[in-house]
Amino acid sequence: MKKIVISTGGGDAPGLNAVIYAVVHAASSRGWEVYGSRQGYMGLLDTDELVRLTIKDVAEITSTGGTILGSTNKGNPFAMPVENIAGDIQIRDVSDRVMKNFLRMGFFCHIAVGGDGSLEIAHKFAVEKGMNVIGVPKTIDNDLEATQLSFGFDTAVSTATEALDKLHSTAKSHDRVMVVEVMGRDSGWIAMNSGISGGADVILIPEIPFDMDLVCQKINDNQLHEKHYAIVVVAEGARAKDHEVMTKGDGEIGRSEKILGGIGRWVAEEICQRTGKDTRSLVLGHLQRGGSPTTFDRLLALRFGATAVRLAEEENFDHMVALSGEDMIAVPLEQAIKCRKKVPIDGDKVLTAREIGICLGG
Ligand code: F6P
């Protein structure tokens, strides 16, 4: 009997459980056994953290947020933070142990569900250790070029849009400027999609370094239409011209990316100083990653999971499943991890935003 293992790595995204559901069902129907590795690669590092996943275990999880396997973004087996006897944290390469356990358990394939970081690790296992790997893209940021969309994004955008809808009434009551910082790392997709849909006056994205004069001019111009409030959406990775992207530091030991944040507050303070208007800022943060996946994300995640098992059956390893139009395709992992998807600055969304009077700060 064939045995496969599935892991979920990196920041969680609504739809992860739907992928697990589809993998367990699609594999079980082929007579395969499925195991889940807890907290990314932790189950492959310590087999006590491996769990057998049956159809009973995944009943009713499709509609739930988070991941039943847990996740981590500081669990790279090639550079793992490990505590030594003296209690100091050292970075060690424990990838051989992972591979040994993978073979010892008799797994013939690892389905790695993750973002760019996790997929890069999966590819490294395929190339350097000979692990049979299939990648499933997961990111609320929608920043993987190789797939038209990733699950979690639609839910994150819906949450952000709902928040913007709610902010209109309080902003209007107080004649205030509300500045909302949203996630997305170096891509402005969440800001763009929610900002356009949620009636923002200003949307600031990483792809267009902004000019505060233009932002304030838009807020002042609102008065011409007897609108005394404004909604400003700022992507966490956006930056003013001649300024750096704002970060909150390195974060936890073992994670490869800096934690972004702070730009929303900075923009709010600048607006207050320059226009004299009452201004408030808020960070939507992890609310965007929580909750039940939308119908769109569930369906996409289920299709990704079922396709991943199909690719495993075809032994199409070291590939990632991806959405292309109406189809599911397989993209070599090496290609998939290369390019980040950015909002095209001359694309339809940017044009639409400008045409309906939204200021993009540049
Ligand atoms: O990549 C997904 C994401 O939610 C980004 O939008 C955000 O910058 C980051 O993860 C936050 O990571 P953490 O959960 O570690 O704070």
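Q: Before we start, what does "partly exposed" mean here?
A: Buried means under 20% relative accessible area, exposed means over 50%, and partly exposed is in between. This is a predicted model, and the terms apply to residues in it.

Q: OK, so is Cys339 buried, exposed or partly exposed?
A: Cys339 has 39% relative accessibility, so it counts as partly exposed.

Q: And Cys216, buried or exposed?
A: Cys216 has a relative accessible area of 6%, and because buried means under 20%, Cys216 is buried.

Q: How many disulfides are there?
A: The count comes to zero disulfides. A disulfide is a covalent bond between the sulfur atoms of two cysteines.

Q: Which cysteine sulfur is nearest to that of Cys216, and how far away?
A: The nearest is the sulfur of Cys359, 9.2 Å away. The cut-off for a disulfide is within 2.5 Å, and Cys216 is in no disulfide.

Q: New topic, helices. At what angle do helix 5 and helix 6 pack?
A: Helix 5, residues 153-173, and helix 6, residues 189-197, pack at about 45°, and their axes are 8 Å apart. Helix 5 and helix 6 are therefore oblique to each other.

Q: Left-handed or right-handed crossing?
A: The crossing of helix 5 and helix 6 is right-handed.

Q: Which residues make that contact?
A: On helix 5 they include Phe153, Ala156 and Leu164, and on helix 6 they include Trp189, Ile190 and Gly195. By class, the contact of helix 5 with helix 6 has seven nonpolar, five polar and no charged residues.

Q: What about helix 6 and helix 11, at what angle do they cross?
A: The axes of helix 6 and helix 11, residues 348-355, cross at roughly 40° and come within 11 Å. That makes helix 6 oblique to helix 11. Their crossing is left-handed.

Q: Which residues meet there?
A: Trp189, Met192, Asn193 and Ile196 of helix 6 meet Lys349, Val350 and Ala353 of helix 11. By class, this contact has five nonpolar, one polar and one charged residues.

Q: What is Thr47 in contact with, leaving aside neighbours within four places in sequence?
A: Leaving those neighbours aside, Thr47 is in contact with Asn101, Arg104 and Met105.

Q: And how far is Thr47 from His168?
A: Their C-alpha atoms are separated by 51 Å, and the two residues are 121 residues apart along the chain.

Technical notes:
Residues numbered from 1 in each chain as written. Predicted model: local features only at pLDDT ≥ 70, side-chain atom pairs only at ≥ 80, totals over all residues. Heavy atoms only, no water. Axes fitted to C-alpha atoms, helices over the stretch in contact; angles between N-to-C directions. Helix = DSSP H or I, 4+ residues; strand = E, 2+ residues; numbered from the N terminus. Parallel < 35°, antiparallel > 145°, perpendicular 65-115°, else oblique. Left-handed = near helix turned anticlockwise from the far one by under 90°. Contact = heavy atoms within 4.5 Å. Nonpolar A, V, L, I, M, F, W, Y, C, P; charged D, E, K, R; others polar. Buried < 20%, exposed > 50% of the residue type's maximum accessible area, 1.4 Å probe, protein only.
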